[in-house]
Amino acid sequence: TFFCFHSDIYFFNICLEDCLSSLWKHILHSSEQIFLWSDTFQLVSVKLTKAAGQDLEAKELSVVLDGVDASPKCIAFGRETYAFFYLKKKRTTLIIGKDLLNIIKTKSGNNQFACIACHPTEDCIATGHADGKIRLWRNFYHKKDYTFSTLHWHHDTVMDLAFSMEGTSLLSGGVESVLVLWHNESNCQKDFLPRLGSAIEYISMSSDGTLCCTLHTDNRITIINSNLRFSKSIQGLIKSRDVKTGLVVDPRTKALVLNGEPGHLQFYCLQSDQQLFSLDIVQRQYIHQAGLNQADLVKVAFSAQGKWLATVEEREEVTDPELQLKLWLYDEETQSFKLNTRINMPHEDHITDMCFREMDELEDDSLILVTAGRDCVFKVWVMVEDTDPEGSVSWSCDFVGSYHNYQATNCCFSEDGSLLAVSFEETVTVWDSITWDLKCTFCHPPGKIRNICFGRLTCSKYLIGATDYGFLCCWNLLSCALEWSAHLNVLVLQPDPLSEHIAAVSWLSKESSLFVFKPNEPRPIYIQRNLCKEKIQLAAFVPRDEPETIVSEKYHWLRRSQLFFLTDTQELMTLSTKSLEERLTPSSKQLAVEESLPVTPFSLLLGKHRRQQSHEDIDLGKQVHNKHKQDSPAVKELLHTPAHVLPSASFLCPIFINSLLISKENKSAEEVADEVEMESEKTEDDSDEERGVTEMEQEDTSAMELLGEMTRKLSKSQEKELRKIRKMDYSWISAF
């Protein structure tokens, strides 16, 4: 087998797992020939020579054609046939041959080729076309006597074709999101697998013919059985046609929320690289046909706690746009959002921005939604109680604001929610969120305001704005004056919700650069030029579960949040101070509870309990010594033995409980020392009592003999103290 890496081609022996040789540029093969083409669209034939060593020198190189596309859809290889097509002078030419000396050219006319596939056992070639037809070519080596038959079901371009391993059936796919299985090359015998989610871009068959794999335009891979039964779907970040919602972070799950399937909102988990779920916002069937104006999701906003979700969908019309504002309430029982309020035509023109205000996190009375539109107004939406007995709530308009009949472009609330900033073309207005009085205005001509945001924490008195004329401005809200400005073409302005830092992404000289700064300091604390060659359109700070330990002061701004970017080619990027291996290590440690225990739900629960118990004991200043903590035979027997051969739970329970008990024989050295000391003191006390009784008897006898001369009796504690004094060493006194 072989694979391409940069400009090299590597051949591997799968059995020996050894690299045999390397060539250059891209590759397709046919028996003893290698076809490869470069970025100059030259198709080159290379003859392989047998050699004893691993290095092969390709001496015989011949250019087959110029202008051949490097897409795998353009070239196919069969039993003894290769075929490819190329576009030249607005006409597509199909080339079929067995070798370089036997080439047949067929021009398609106005019907362009889209894909090609070769029959595995016969001299037959299938081509897909832009008009939705499939043509099967035969007898093509007879030059003028070639024939072809036509299969037609697709209403648009056939995007890919694949024969079964026996060649008895043909698979086709296109923009309809339907996989078509053609039997015996007949129009009458075909089966369908519909509703695959998005347009089918590539089709591939497994080597044994039992599975089929389809790659879709939304970055999804679908595994399908040979009988057209769905098997599995591999889905990461859905690639949408256009990310109009921006990058939004769900406060509940910390998932990245953006456009997904048409009319849907995808919740993408950054840690597991998987889609958590997809929320149908438009709730209409999407029709895969070019030129249709269909409703699309354009704006999204979450409340601070993630309880409320606001969405805006619109249908682009020539005369009058169709708009809908929807408010969704999170349902704890279903763990999803339910539609609460639908508002038709909230603005007379397109909505440009919206945001929530939530001053009190515990009550909904302070929750306010603000929308800005091209109809030169911004609207304030509040919750009102319905008259129904259930006491449900809905949303209605409470205030409408404007400024000199300018279009409203951006809006945002301050950190405490007391101020609202709304940009009207070249002017930024600041409003009191309680009385809705206009407090002040800021302007920095020339150029319209592209982005605005408030500072946070110690920098909450600053307002930042970026213009489309290439200026980044910082205004002081206390003095109502311009604090500083910088000449910078900022496309993205994203504040960190957990710190004072603000990230600004610029586009200059066909490269994106990153600048991180605090509003109170005009000099950036971090600069990353030439971040990527693509244009960065969106960015978002995602809070970390735990603050990351960063040694370098240069990256301290990444301690509590991680910054993600989305380019115009929909590539999701991030900044990290660690290598890939270091980033994967913490997640693996979280899964590995103990080396002796497999990662099962029970072992995870047992490991968590043991770690918690260990931390509690350490906090109390105790040391726990349990010989069964890592190598308990009962635990190993319980966890490693298959469930169907285990005895009853009543038999295992006493053994398991006894294995967790601490034996008296295994006591720590401190406990043993304490017990020895206690026993010695007890023995000493007992001997003292016996001595005391003997001395008392002797004193009583002497007292009877002396007839009345009584000596004073000492108490037990006094006698014990006296014995301690006697045992003390006073030899040091002799030195004086």
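Buried means under 20% relative accessible area and exposed means over 50%, with partly exposed in between; the legends below use these words for a predicted model.

**View 1. Aromatic pairs across the structure.** A pair of aromatic rings is described by the distance of the centres and the angle of the planes.

**View 2. The tilted pair of W153 and F192.** The ring centres of W153 and F192 lie 5.1 Å apart while their planes meet at 40 degrees, and the pair is therefore tilted. Distant parts of the chain are linked by this pair, since W153 sits in the loop between β15 (147–152) and β16 (158–163) and F192 belongs to strand β19 (residues 190–193), with 39 residues separating the two. W153 has a relative accessibility of 32% and so counts as partly exposed, and F192, with a relative accessible area of 36%, is partly exposed as well.

**View 3. The stacked pair of F267 and F277.** F267 and F277 form a stacked aromatic pair, with 4.2 Å from centre to centre and 20 degrees between the planes. This pair, too, links distant parts of the chain, with F267 in strand β26 (residues 264–269) and F277 in strand β27 (residues 274–280), 10 residues apart. F267 counts as buried because its relative accessibility is 0%, whereas F277, at 24% relative accessibility, counts as partly exposed.

**View 4. A cluster of aromatic rings.** Ring pairs join F378, F399, Y403, Y406, F424, W431 and W436 into a cluster.

Definitions and conventions. Residues numbered from 1 in each chain as written. Predicted model: local features only at pLDDT ≥ 70, side-chain atom pairs only at ≥ 80, totals over all residues. Heavy atoms only, no water. Phe/Tyr/Trp six-rings, centres within 6.5 Å; stacked < 30°, edge-to-face > 60°. Helix = DSSP H or I, 4+ residues; strand = E, 2+ residues; numbered from the N terminus. Buried < 20%, exposed > 50% of the residue type's maximum accessible area, 1.4 Å probe, protein only.
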